[in-house]
Amino acid sequence: MSAQSRTDAFYMAHAIRLAERGRYTTDPNPRVGCVLVREGEIVGEGAHMWAGEPHAEIHAIMAAGDRVRGATAYVTLEPCSHYGRTPPCSKALIDAGIARLVVAMTDPNPQVAGRGFQMCRDAGIEVVEGVLEEEARALNRGFIARMTGRLPYTRLKMAMSLDGRTAMASGESQWITGAAARCEVQRLRASSSAVVTGIGSILDDDSRLTVRAEPDGVAAVPCEPGRSYRQPLRVVVDSTLRMPVDAQCLSEPGATLVATTSTDADKRSALEQAGASCLVLPANAEGRVDLVALWRYLGDQEACNDILLETGATLAGEALTLGLVDELHLFMAPTLMGGQARPLFELGPLAKMSDQRRLLIEDVRAFGSDWRILARPEAVANTRLE
């Protein structure tokens, strides 16, 4: 690696750390960081923090002032080339007078990919692409999925005992894991566009599905002064509309969507008056909500980049079987719940060893007294990851 390549990687790593600051707030926009360097000195830096507000490049240009002219701009994602809620950043960098542009990854939107680069090259700016590309793509897997027309990137979170049980036979499940694991779940929720659950979780636990501080005041997710937490869309899969009108999630900040196959106008009207939106979708062969249709709706109509699936064995098993799950976050507590307790997944009859659903374990780490296993289904690992 040349000295210039090492320098480029050094400053791009800093830009990626800046982009991380927007992990919980930029949705549906990507997380982007920018660093401006002139004569070996950082003269400006910035991160995109909230959709509709200035992008990372604009923050960096404003911080640099007159020192931006002749600088090298390190940006984690190709600068935008079109007018949206904000003007194009490519034009802003050109007008600011940068001499060189180093970018980690191309805009994943095939309709605009490469245009920002071309605008800068046409203005006489040297452009270098692909510096720490893998790291930049990992930060925006959901955005990449949506921009390339794929289904939203999905993380399945489940809590289990050491013997692989998720709830007692009665449905009681609060709490299997401790406070540290629950804080990590809050971070997963906050970084998601939507949290999806089944009606069983609402009936058994009256789940709120919100981003919040723990009851002891522990704030797992940073929140700027004067701002409230960005709440992901709450989605309840409820084929027959058993959703209670007094469910806690209907009175929480943010929106709740009930996905159903039922056309019962009275039930829908009652839920809508209670604060829900109802979405009627096709039924699968078993008469339940077609999950692929729901995922397509969430990506296309709700602009969901990332889905967090927090649910029971039936819905989790169906999502796995359909290939909708990209990552599994399995939190394991040092406890035993017995053979009558509910299992982790309902996967249908698996009669032979060849029917196994193989997982690729990527990480195992402790959260307090619990352990988190991060794994990917082997069947989708090579087709849905960038």
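**A walk through a predicted structure**

Cys183 is buried, with a relative accessible area of 9%. A disulfide is a covalent bond between the sulfur atoms of two cysteines. How many disulfides does the structure hold? The count is 0. Take Cys304. Its closest cysteine sulfur sits in Cys249, 16 Å away, so the two are too far apart for a bond. For a disulfide, the sulfurs must be within 2.5 Å. Cys304 is also buried, at a relative accessible area of 2%.

Now turn to the nonpolar cores. The largest has 38 residues, and the members that touch the most others are Met12, Leu36, Ile98 and Leu101. What does Leu101 touch, beyond residues up to four places away in sequence? Its partners include Ala73, Val75, Phe117, Ile125 and Val128. A second, separate core has 34 residues; among them are Ala194, Val196, Ala259 and Cys304.

Next comes a sheet. Strands of a sheet pair through backbone hydrogen bonds, either parallel or antiparallel. Here, 5 strands form an open sheet in the order β2-β1-β3-β4-β5, and the pairing is mixed. Which strands stand at the edges? They are β2 (41–47) and β5 (126–129). Each has a single partner strand, so one side of each lacks a neighbour in the sheet. From one strand to the next, the twist averages 15°.

β1 (residues 33–38) and β3 (residues 72–77) run antiparallel, joined over 4 bridges. Val37 has Thr72 in β3 as its bridge partner. Helices pack on this sheet too. Helix α2 (residues 56–64) touches β1, β2 and β3, and its direction makes about 140° with that of β2. Helix α4 (residues 115–122) touches β4 (100–105) and β5, at about 150° to the direction of β5.

Another helix, α10 (residues 291–300), is largely enclosed by the rest of the structure, because 7 of its 10 residues are buried. Trp295, Leu298 and Gly299 are among the buried ones.

Finish at a loop. Ser161 lies between β6 (153–160) and β7 (165–167). Is Ser161 buried or exposed? It is buried, with a relative accessible area of 0%. Its side chain makes a polar contact with the side chain of Asp163, at 2.3 Å. Beyond its neighbours within four places in sequence, Ser161 contacts Ile176, Met332, Ala333, Thr335, Leu336 and Met337.

Conventions:
Residues are numbered from 1 along each chain as its sequence is written. This is a predicted model: local features need pLDDT of at least 70, side-chain atom pairs count only at pLDDT 80 or more; totals for chains, interfaces and linings use all residues. Side-chain values use heavy atoms; hydrogens and water are left out. Helices (H or I, at least four residues) and strands (E, at least two) are DSSP runs, numbered from the N terminus. Buried means under 20% relative accessible area, exposed over 50%, partly exposed in between (1.4 Å probe, protein chains only). A polar contact is a pair of N or O atoms within 3.5 Å; within protein, one must be able to donate a hydrogen and the other to accept it, and residues adjacent in sequence count only if both atoms are side-chain atoms. Contact means heavy atoms within 4.5 Å. A nonpolar core is a set of buried Ala, Val, Leu, Ile, Met, Phe, Trp, Tyr and Cys residues joined through side-chain atoms within 4.5 Å. Two strands pair if DSSP finds at least two bridges between them. Axes are lines fitted to C-alpha atoms, for helices over the stretch in contact, and angles run from 0 to 180 degrees between N-to-C directions.
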